[in-house]
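This report describes one protein model for a reader who is new to structural analysis. Please keep the sequence and the structure in view while reading.

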Amino acid sequence: EWRRQRLVEWCLRRQIGGFQGRINKDPDSCYSFWVGACLHMLGAAPLIDVESVQAFCSTCEKSSTGGFGKAPDARADVL
């Protein structure tokens with residue numbers, strides 16, 4: 001149980017609006033998905049600041065071409 005709790009805490013510390021993949025990196029739409037999914041699987045989804053993640057991901061959305069870029073100024077990733 002303590003390992004699960006440490007993992008949840010590590011994941012939650014990655015949220016800076018969206019989620020970052022590593023310490024001292026910018027948030028990224030891909031990590032926002034993966035870290036958010038991990039927290040969901042760990043039963044910790046209620047601890048996510050959902051409004052912040054949604055706001056970040058909406059800045060990465062590319063309405064002219066469709067899809068999401070990894071960051072607000074990045075082109076949409078076709079994969």
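## A salt bridge across the chain

Asp-28 and Lys-70 form a salt bridge in which the closest N and O atoms are 3.8 Å apart. A salt bridge here is a side-chain nitrogen of Lys or Arg within 4 Å of a carboxyl oxygen of Asp or Glu. The pair links distant parts of the chain, 42 residues apart: Asp-28 is in the loop between strand S2 (18–19) and H2, and Lys-70 is in the segment after H3. Helices (H or I, at least four residues) and strands (E, at least two) are DSSP runs, numbered from the N terminus. Asp-28 is buried, with a relative accessible area of 8%. The word buried means under 20% relative accessible area, exposed means over 50%, and partly exposed lies in between (1.4 Å probe, protein chains only).

The model is predicted: local features need pLDDT of at least 70 and side-chain atom pairs count only at pLDDT 80 or more, while totals for chains, interfaces and linings use all residues. Residues are numbered from 1 along each chain as its sequence is written, and side-chain values use heavy atoms, with hydrogens and water left out.

## Charged side chains

Side chains of opposite charge can pair when their charged atoms come close. How many salt bridges does the count come to? By the rule stated above, the count is two. One of them joins the side chains of Arg-4 and Glu-1, at 3.5 Å from N to O. Arg-4 is partly exposed, at 29% relative accessibility, whereas Glu-1 is exposed, at 68%.

Arg-14, in the loop between H1 and strand S1 (15–16), is buried yet has no salt bridge. Its nearest side chain of opposite charge, Glu-9, is 10 Å away. Arg-14 touches Phe-19, Gln-20, Gly-21, Arg-22 and Ile-23, not counting residues up to four places away in sequence. Such a contact means heavy atoms within 4.5 Å.

For the protein as a whole, the mean positions of the 10 positive and 9 negative charges are 9 Å apart. Lys and Arg count as positive and Asp and Glu as negative, while His and the chain ends are not counted. The place of a charge is taken as NZ of Lys, CZ of Arg, CG of Asp or CD of Glu.

## The nonpolar core

Which residues make up the largest nonpolar core? This core has 11 residues: Val-8, Cys-11, Phe-19, Val-35, Leu-39, Ala-44, Ile-48, Val-53, Phe-56, Cys-57 and Cys-60. Helix H1 (2–13), helix H2 (29–41) and helix H3 (50–60) are the elements that give two or more residues to this core. H3 gives the most, with four residues. A nonpolar core is a set of buried Ala, Val, Leu, Ile, Met, Phe, Trp, Tyr and Cys residues joined through side-chain atoms within 4.5 Å.

Leaving out residues up to four places away in sequence, Phe-19 touches Cys-11, Arg-14, Pro-27, Asp-28, Tyr-31, Ser-32, Val-35, Gly-36, Leu-39, Ile-48 and Val-53.

## The overall fold

The protein has three helices and two strands, and from the N terminus on its elements run α-β-β-α-α. Taken along the principal axes, the C-alpha atoms fill a box of roughly 45 × 25 × 20 Å. Of the 79 residues, 30% are buried. Among contacts with a separation of 6 or more, 39% are between residues 24 or more positions apart.

The protein exposes about 5,700 Å², and carbon and sulfur atoms supply 57% of this area. Accessible areas come from the Shrake-Rupley method with a 1.4 Å probe; for residues, only the protein chains shown count as cover.

Most residues other than glycine have a negative phi, and most peptide bonds are trans. Asn-24 has a positive phi of about 65° although it is not a glycine. Asn-24 is in the loop between S2 and H2 and is exposed, with a relative accessible area of 76%.

Arg-75 lies in the segment after H3 and is exposed, with a relative accessible area of 77%. Arg-75 touches Phe-68, Gly-69 and Lys-70, not counting residues up to four places away in sequence. Trp-10, in helix H1, is partly exposed at 34% relative accessibility.
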